[in-house]
Each structure stands twice: as structure tokens, then as C-alpha cells.
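Here's a quick briefing to keep open beside the model. Have a look at the structure first, then work through the points below.

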Amino acid sequence: MSKKKVLVCDDDTGILEMLELALESDETVIITESNSLNVIPLIEKEKPDLILLDLWMPVLSGDQILRAIRQQTDTQSLPVIIISASLDGAKIARENGANDFLAKPFDIDELFNRVCKQIEVGC
Amino acid sequence: MDSLKDGHFTFSRDTVEQDFTLLTAALDASITGIIITDNRLTDNPIIYCNSAFEKMTGYDRKEIIGHNCRLLQREDRTQKERQQLREGIDQGKPVMVEIRNYTKTGTLFWNELYVSPIKDASGKVTHFIGIQHDVTRRKQAEAELENERQLMEQRIEERTQSLKLGQEYVESIVQTVRESLIVLDNNYKVLSVNDHFLRTFKVNKEETENKLLFDLGNGQWNIPRLKELLEKVLPTNNPVVDFQVEHDFPYIGHKVMLLNAHRIEYSGEYKDRILIAIEDITDRSEIEKRKDDFLTVASHELKTPLTTIKGYVQMMNRFMPEETDEKFKDILAKTAQFIDRLSNLITELLDVSRIQTGKMAIHREMFDFDQMIAETVEGIQAASKSHQIIIKGEPIGSYNGDESHLIQVVNNLVSNAVKYSPESKIVEVHKAFVSDYIKLSVIDNGMGISAEDQQKIFERFYRAGDIQTKFPGMGVGLYICDQIIKQHGGTLWVESEKGKGSNFSFTLPTKEAPGKK
């Protein structure tokens, strides 16, 4: 079985490092990106199986990226989990077509559960 | 009596003595003082006085005969009535004056004096008849009346003055107050405005007074909802409270104004007038917005590293070797616990700010109430081994509410129950249907809450009595819970007695939430 690719985009490198460490396994490859402008090209290039996306990021925000993903035919059904400390995070995620939402600070076990639900790894 | 015919004396030689005696007796019987002076003699001396005159003046006839009348005025010579008398006598005309006279013992009396000249056949004045009335009592009454009148006038003057002062006082308050005030008549026409109104809206009296409120400026007050409040709510004796108007006002630009209106109910001149106070809260709302923005950003920024810390701590747990000693495990568990606390504090801080500015919105969605309770309790149970948390009562099923906020409430109530009952073992969570409401109760056997504190624990930043030293916290938890339950259309309350545990309960309406917009 080939490894699943998870793209994590957050402007905070601390979170990126932590998530990379947490999610890395025999079944998954983790790609991290702190600059939200690179996300769309990165999706095209890497064709990830799941995206973990922060909302509040400079220049291009998570909801903008999410809308762009949903508008393109080849990515419109790509699983996206929004991870955000924003108060209206859940609402923004729902309204823009995210598959799931997890409020920061989240429980790592909960994150594994949600990831598992989307791509059936790390369960 | 032969000499009296048709009411007139008719003298004859035979009866003259008898007649004279009779007339003299009549004069003496009069209570009017009568004197006769002889103008033909030097200094016009008194040649006759009757007994009433003697009585009035205290002089005997023999003491007075031969004196001029001025004797009665003693040293009081400057009275203007003397001049009138003098003129009358000189011209041989009758005079009437009221003059101050003095009795023999020096007592003042007011004499209403009528002086009438007697002329001989050639028209020359031979005598004067002086008719005197003691009018002291009347004069006194008049003086008293005058005095009373002056007193009354003075009082009216004083009252008017004090009323004027009062008015000026009120006026100066009205003009000093840093709030715009408008008085309307019952047709919403502006009767007056204070200076602060004119300064705030940069308008003058002419373009404001006698205009309809709804026509002022560019129609900034012509708001259907405000119109309705003024026309329909005010007459029912309810004031309009804190009506917010956000508008691009002429001259002053975009402002947020808070409007309070009140109708004068007491009868009289001012009945049905409407008082409106307008407060410019533009700066305040701007500051509040900035504070909100700041707190939102701050909480977001604080949660970001917290996410990383939490993740690493949980991973340490995961990767912990089998042989790790208990002390280390315990330290890690404590660390995780306090990271959660820090996370909750950040959330609470933001919630308080949102409630204060009325921005905490409830997002209703159907969720499984029983599952929510079970999961929340499970979470707390996992962290508190000292207590057993028991769920009792009937199943509720699904409920349409804001699940995450309700979790917050249950979390708060149950963890409080655990926290404040360190000596006891059991906390009970009870679910029930009561009429159209869900009722959830959290019951502990802990330290309880005094009646005095029960009033205040739902207030912001309030911490009961000695709690602060033993159980640190911000004192916002119950305040937030109360607000969340209120927003759902329910109520949150406590029944407790010091030392006998507490029962916190809340209700949630199962029918469509009553009209909270």
C-alpha cells in the first residue's frame, strides 16, 4: 500500500514541526508549508490525499485557499480539515466546504481520529 | 318740646334756655369730638369742646379753651395734612384730613378731622367747627393690612426669586450636562434643545426648534423602528431605552448615538411632552471594537503556541517508555491538565468580552443532548479520580441549541461541583423534562454557598468570600454560563446552604425559543 500524502499549511512553524512529528508514520508522508501562497501550486505538484489548513494566515487566508480548492474540478473533492484558533472557525469551515474542523488547541488523539475518518490511516 | 318743628329747632325767647340746654346735652352725648374755634380772635382759639373731645384727648375743657388746635400735634409738626388744614382755613373752605394727634399723656391717636367754616352775613368766616373721630383702630387695621400686603409682596418676590433661581439652576444643569437633550411636544415637534445638542450636531436653534424630530438634518431620526417606539411604546408608559442609531449625520459624519426617551406622565402644563437624551457613543464603540479586536487577536495568538505545547505533551505521553517512573508520568499528566486550564482561561476571557459587547451569538443546531452530557462528564471524570460523577434521570434525546456553548456550561457546572466539594465523593448530574423545558441539575455535597454569595456568583469577576485564596480563578465561569443559558431562553440558578452542598440547575425551552432576537 502506497503512503498517503498529508499537506499541512499553517503560518506558525512551531505547529508545522509538531504536526509533522505527530502525523509521520509508515503509512503517511507529511508535507508542510508555512507560506499560504505556495499551497495551490503545491497541491498541483504533490497531489496530496488530505490537507490540514489553518485559517488566519497573512496574505492568503485559509478560507480563500479552501474556496479555490473547491472551485477546481480536480481538487473539488479533496479532503480538507480546517485547524484554527479563530472563534468563527467552525462556521467559516462549514460555509466554505471543509470536510471537518478542529479548534486549536486540539487533542492529538482527536486529530488522529479526524485524519483517520478522511483517509483511513493512523487509526 | 315746642321749639322743635319738622325736625328743626325754632328758637323763641321763651324756650331759648331750654333749647340751648338740650342742644348742649346733645353735643355732649355725641361720641364724636366737637370743637368750635373763634376765627375773629387772635390765633383762632378753641372756644368750645364737647365731652367726647375731652375723652378723646384727655384734656379738660378748661385746659383746652383758649388754645389753638395745634396743641394736639405737639412736636409732630411736619405732617403734610397741616398744610392742607392751613389752606382750607385761610380760604374759608371745609377740609377733611387724617392727622396724627397726641393725648395729654402723649399717646398717639389718629384723628379724622373735619373742619367746617361758619360765615356771617357778609361771608366772613367767624368760626370753625372741628369734628373729630378717633380712627386709630382703623388706621392700625389699615397699617396692619398694608404691612401684610407688603409682607405678601415680599414673599411673592422671594418665591419668584427662588423659582427663578431654581429654574436657572435646572437650566444650568441641563446646559452643562454632556448629553444632548431634546424636548418634544406630543406631535414630535422639537420644543427645545440644550447647548450640548447644538454643539454635538453642529446645528443652530433656528434649524432645530419648532421642527418635527423626524425632519431634522437629513432625516437621521426618521427610522421606522424609532418612530414605532415613540408612537406606540412611549404612550404605554414605557421608556425607550438605549436605542442605537448609526448614521451619517450632516456636518459631523458617521456616528453611533444612543437614544433614551421618556414621556412626561404627570398631568399639567408639561403632560405628554417627550424628553429625549442622546449620547454619542461613537468613541466608546470604537474603543470597544478595538478591545474586541485586540482580544480576538490576542487569544488567537496565545492559542497558537499552546497548540504546539499541547501536541508535544501528548506525544510525550504516547512515546513514553514502559519503564518510565510514576513520578514522571504524574508530572506530565499535571502539565497536560494545566495546559487545558490555560486554554479555557483564554476562551473565557474572549467570551466575557463578547458578552459585554453583546456579540456572543448562539448558533443552534440539532445535537444529541444525552450524548453531549455523557461525553462532557466523561471528560471531567477522566481528569478527576477523587470523585464519582453519576448521571441520573430521563433521556432527553436531541435538542436544537448551541452545542459547544452548552458543553461549556455543563463543563463549568460539573467541574465546579468537583472543585468545591473536596471532602465528598459523589457529584450527581440529573436530567429531566419539566413542562416545556429540559432541566439539568448538578448536585454536590460540598461546601455550599451562603445566601449572600448566591446573589452575586453569576456576576462578572465575582468570587465568593474566601474562595479566592483556596481556589484561584477569574470568576467569569458562572457569568458566562448564565449568559449562555439566557441566550437559549432558559434560566440558571442555584439552591444551596453553607456546608450542605449546592444544586445548580438550568432550564432550556424545548419549544421555539421565546422572542430573543
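This is a predicted model: local features need pLDDT of at least 70, side-chain atom pairs count only at pLDDT 80 or more; totals for chains, interfaces and linings use all residues.

Residues are numbered from 1 along each chain as its sequence is written, while chains are lettered from A and ligands numbered from 1 in the order in which they are written.

**The sheet in chain A**

- Chain A has an open sheet of 5 strands, ordered β2-β1-β3-β4-β5, with parallel pairing. (Strands are DSSP runs of E, at least two residues; helices are runs of H or I, at least four; both are numbered from the N terminus. Two strands pair if DSSP finds at least two bridges between them.)
- At the edges sit β2 (28–33) and β5 (100–103) of chain A, each pairing on one side only.
- On average, neighbouring strands in this sheet are turned by 20° against each other, direction ignored.
- Strands β1 (residues 4–9) and β3 (residues 50–53) of chain A run parallel and are joined by 4 bridges.
- A:C9 has A:L53 of β3(A) opposite it.

**Helices lying on the sheet**

- Helix α2 (residues 39–46) of chain A lies across β1 and β2 of chain A, at about 175° to β1(A). (Axes are lines fitted to C-alpha atoms, for helices over the stretch in contact, and angles run from 0 to 180 degrees between N-to-C directions.)
- Helix α3 (residues 62–71) of chain A lies across β3 and β4 (80–84) of chain A, running at about 175° to β4(A).

**Where chain A meets chain B**

- The contact uses 17 residues from chain A and 16 residues from chain B (residues count as in contact if their C-beta atoms, placed from the backbone, lie within 7 Å).
- On the chain B side, α8 and α9 (326–356) of chain B each give two or more residues, and α8(B) has the largest share with 13 residues.

**The α1(A)–α8(B) crossing**

- The axes of helix α1 (residues 13–23) of chain A and helix α8 (residues 282–318) of chain B come within 9 Å and cross at roughly 25°.
- α1(A) and α8(B) therefore count as roughly parallel (angles under 35 degrees).
- Residues making this contact include A:I15, A:M18 and A:L19 of α1(A), and B:P305, B:G311 and B:Y312 of α8(B).

Note on methods. Angles under 35 degrees count as roughly parallel, over 145 as roughly antiparallel, 65 to 115 as roughly perpendicular and the rest as oblique. Two residues are in contact if their C-beta atoms, placed from the backbone, lie within 7 Å.
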